[in-house]
Amino acid sequence: MDLEQRILLAETRIFKAVFPNTTNHYDTLFGGTAMALMDEVAFITATRFTRKTMVTVSSDKIDFNMPIPSGTIIELVGKILHIGNTSLKVLVEIYVEEMYAFGRQKAITGSFTFVAIDENKQPVKVVD
């Protein structure tokens with residue numbers, strides 16, 4: 001399998017419903033909850049690409065472009081953005097849609113950097 005195929009196959013999509021137990025006093029998704037979900041999707045994306053042990057080393061930038069209200073559906077999409085020697089960067093976007101209406105909007109965008117490690121927790125190449 002070539003590199004482009006691996007990148008395409010690593011794309012990860014997860015859907016969630018936003019319930020009141022994940023919202024703040026404004027009745028919108030907690031920023032920290034969004035970040036945790038994004039890190040999880042980024043981790044899955046990185047692991048699907050490398051099939052190695054991956055650890056998060058940074059959340060590089062997260063833009064909260066609009067609030068995500070309770071009672072909506074979100075889709076988190078993870079894509080490989082950059083491949084280094086022992087690290088890679090994953091872009092994660094969160095889209096929000098009303099449960100009972102068509103259409104969706106991009107609400108949050110962020111990137112996460114991961115390092116591949118061996119059993120001794122030492123960095124290894126992400127692509128052999």
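Analyst: Let us begin with charges and rings. A charge sits over a ring if NZ of Lys or CZ of Arg is within 6 Å of the ring centre and within 35 degrees of the ring normal. In this predicted model, local features need pLDDT of at least 70 and side-chain atom pairs pLDDT 80 or more, while totals for chains, interfaces and linings use all residues. Residues are numbered from 1 along each chain as its sequence is written, and side-chain values use heavy atoms, leaving out hydrogens and water.

User: Over which ring does the charged end of R104 sit?

Analyst: R104 has its charged end over the ring of Y95, 3.9 Å from the centre. Likewise, R6 lies over the face of F49, with 4.7 Å to the ring centre.

User: In what order do the five strands form the open sheet?

Analyst: Strands of a sheet pair through backbone hydrogen bonds, either parallel or antiparallel. Strands are DSSP runs (E, at least two residues), numbered from the N terminus, and two of them pair if DSSP finds at least two bridges between them. Here the order is β1-β3-β4-β5-β2, with antiparallel pairing. β1 (12–17) and β2 (53–64) stand at the edges with a single partner strand each, so one side of each has no neighbour in the sheet. Between β3 (residues 72–83) and β4 (residues 87–98) there are 11 bridges; I74 has V96 in β4 as its bridge partner.

User: Is T109 buried or exposed?

Analyst: Buried means under 20% relative accessible area, exposed over 50%, and partly exposed in between (1.4 Å probe, protein chains only). T109, in strand β5 (residues 105–117), counts as buried because its relative accessibility is 18%.

Conventions: Helix = DSSP H or I, 4+ residues; strand = E, 2+ residues; numbered from the N terminus.
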